[in-house]
Amino acid sequence: MAAQAQAQYIAMHHQHHPKGHQSSSVIVRHIKAPVDIVWSFVRRFDVPQNYKPFIRECESNEIFKVGSVRHISMRTGLPATSSVEMLSRFDEEEHILGIKIIGGDHRLRNYSSILTMHPEEIDGQDGTMLIESFIVDVPEGNSNDETCCFVRALINCNMKSLMLLSEKMVIRVQEAAAAAAAAAAAGEVVVEDAAAAREVVMEEANGV
Ligand code: A8S
């Protein structure tokens with residue numbers, strides 16, 4: 001059932017058509033956090049460093065929308081120092097984020113990625129199936145396999161970090177809800193209810 005849903009999502013959103021000199025792949029990860037929490041990090045096109053561990057800084061002075069551009073500087077230790085990226089898809093209802101790399105000092109030419117997330121139950125809890133796919137030119141001097149491994153490794157790091165942050169956020173939201181309930185029981189109204197407590201925690205984490 002889950003495998004079928006996964007295949008369907010991939011067929012629907014993650015079809016790239018690589019030519020001979022291009023590499024493409026799909027990565028799936030399951031996160032024990034509801035979609036709205038995972039999406040709260042991913043949707044912030046202007047602050048990718050909130051979850052992507054290789055990014056040092058990001059500049060983007062626009063309100064983000066399709067066509068918005070961000071200038072990223074990387075941490076040291078990578079074969080790259082900067083990247084210029086454009087938001088190519090942004091769907092807040094369906095939870096779809098598409099990015100195209102349009103410049104920068106690195107070796108990934110014509111890189112384009114799509115990230116989607118889908119609600120799923122994990123151990124009886126609200127979870128998220130995270131799917132990311134990409135297509136990129138194979139750089140001169142590298143094989144298709146090398147390129148695919150390199151990009152997959154980077155995406156895996158991003159996804160792992162997103163998973164840890166999201167799962168931590170679930171715990172903070174639960175704690176805030178419990179604290180709100182305890183305060184209410186004691187007759188103090190700090191935040192109105194569990195839903196309000198959750199909003200406070202999520203806004204704080206994402207610097208909204
Ligand atoms: C992403 C995905 C990738 C980012 C790559 C593949 C990159 O930011 C890093 C190293 C590079 O050599 C290329 O969604 C580039 O972040 C971490 C600078 C583009």
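This is a short walk through the structure shown above, from its overall layout down to single residues.

The model is a predicted one. Its protein chain holds 4 helices and 7 strands. Read from the N terminus, the elements run α-β-α-β-β-β-β-β-β-α-α. The C-alpha atoms fill a box of roughly 70 × 40 × 30 Å along the principal axes. The chain has 208 residues, and 25% of them count as buried. Among contacts with a separation of 6 or more, 49% join residues 24 or more positions apart.

The 7 strands form an open sheet in the order 1-7-6-5-4-3-2, and the pairing is antiparallel. Strand 1 (22-31) and strand 2 (55-59) are the edge strands, and each pairs on one side only. From one strand to the next, the twist averages 25°.

Now follow the pairs through the sheet. Strand 3 (residues 69-74) runs antiparallel to strand 4 (residues 82-91), and 5 bridges join them. Val 69 has Met 86 of strand 4 as its bridge partner. Strand 4 in turn pairs with strand 5 over 7 bridges, again in the antiparallel sense. Here Asp 91 stands opposite Ile 96 of strand 5. These two strands form a hairpin, with 4 residues between them. In that turn, His 95 has a positive phi of about 60°. Strand 5 (residues 96-103) also pairs with strand 6 (residues 112-122), antiparallel and over 5 bridges. Across this pair, Leu 97 faces Leu 115 in strand 6.

Helix 2 (residues 35-42) packs on it and touches strand 1, strand 5, strand 6 and strand 7 (125-137). The direction of helix 2 makes about 160° with that of strand 6. Helix 3 also packs on the sheet, touching strand 1 and strand 7. Its direction makes about 20° with that of strand 1.

How much of helix 2 is covered? Most of it: 7 of its 8 residues are buried. These are Val 35, Ile 37, Val 38, Trp 39, Ser 40, Phe 41 and Val 42. Their packing partners are strand 1, strand 5, strand 6, strand 7, helix 3 and helix 4 (194-206). Val 38 gives a close-up view. Leaving aside neighbours within four places in sequence, Val 38 is in contact with Ile 31, Ala 33, Met 117, Thr 128, Leu 130, Leu 162 and Ser 166.

Several of these names return in the core. The largest nonpolar core has 35 residues. Those touching the most other members are Ala 33, Val 38, Val 42, Met 117, Leu 130, Val 136 and Met 169. Helix 2, strand 5, strand 6, strand 7, helix 3 and helix 4 each give two or more residues to this core. The largest share, 9 residues, comes from helix 3. In soluble globular proteins, nonpolar side chains tend to be buried together.

Helix 3 (residues 144-185) has a part at the ligand too. It gives the most to the shell around the ligand, with 4 residues. Which residues come nearest to the ligand? Of the 15 around it, they are Phe 54, Ala 80, Ser 83, His 106 and Leu 154. By type, the shell divides into 10 nonpolar, 4 polar and 1 charged.

The loops complete the tour. Pro 48 lies in the loop between helix 2 and strand 2. Is Pro 48 buried or exposed? It counts as buried because it has 20 C-beta neighbours inside 10 Å. Beyond residues up to four places away in sequence, Pro 48 touches Ile 55, Cys 58 and Ile 72. Pro 48 and Arg 70 are 22 residues apart in sequence, yet 9.5 Å apart in space, C-alpha to C-alpha.

Asn 110 sits in the loop between strand 5 and strand 6. Its phi is near 55°, a positive value in a residue other than glycine. Asn 110 has 12 C-beta neighbours inside 10 Å, so it counts as exposed. Asp 123 belongs to the loop between strand 6 and strand 7. Asp 123 is not a glycine, but has a positive phi of about 50°. With 6 C-beta neighbours inside 10 Å, Asp 123 counts as exposed.

Notes
Residues are numbered from 1 along each chain as its sequence is written. This is a predicted model: local features need pLDDT of at least 70, side-chain atom pairs count only at pLDDT 80 or more; totals for chains, interfaces and linings use all residues. A residue is near a molecule or strand if its C-beta atom, placed from the backbone, lies within 6 Å of it. Ala, Val, Leu, Ile, Met, Phe, Trp, Tyr, Cys and Pro count as nonpolar, Asp, Glu, Lys and Arg as charged, and the others, Gly among them, as polar. Two strands pair if DSSP finds at least two bridges between them. Axes are lines fitted to C-alpha atoms, for helices over the stretch in contact, and angles run from 0 to 180 degrees between N-to-C directions. Two residues are in contact if their C-beta atoms, placed from the backbone, lie within 7 Å. A nonpolar core is a set of buried Ala, Val, Leu, Ile, Met, Phe, Trp, Tyr and Cys residues joined through C-beta atoms within 7 Å.
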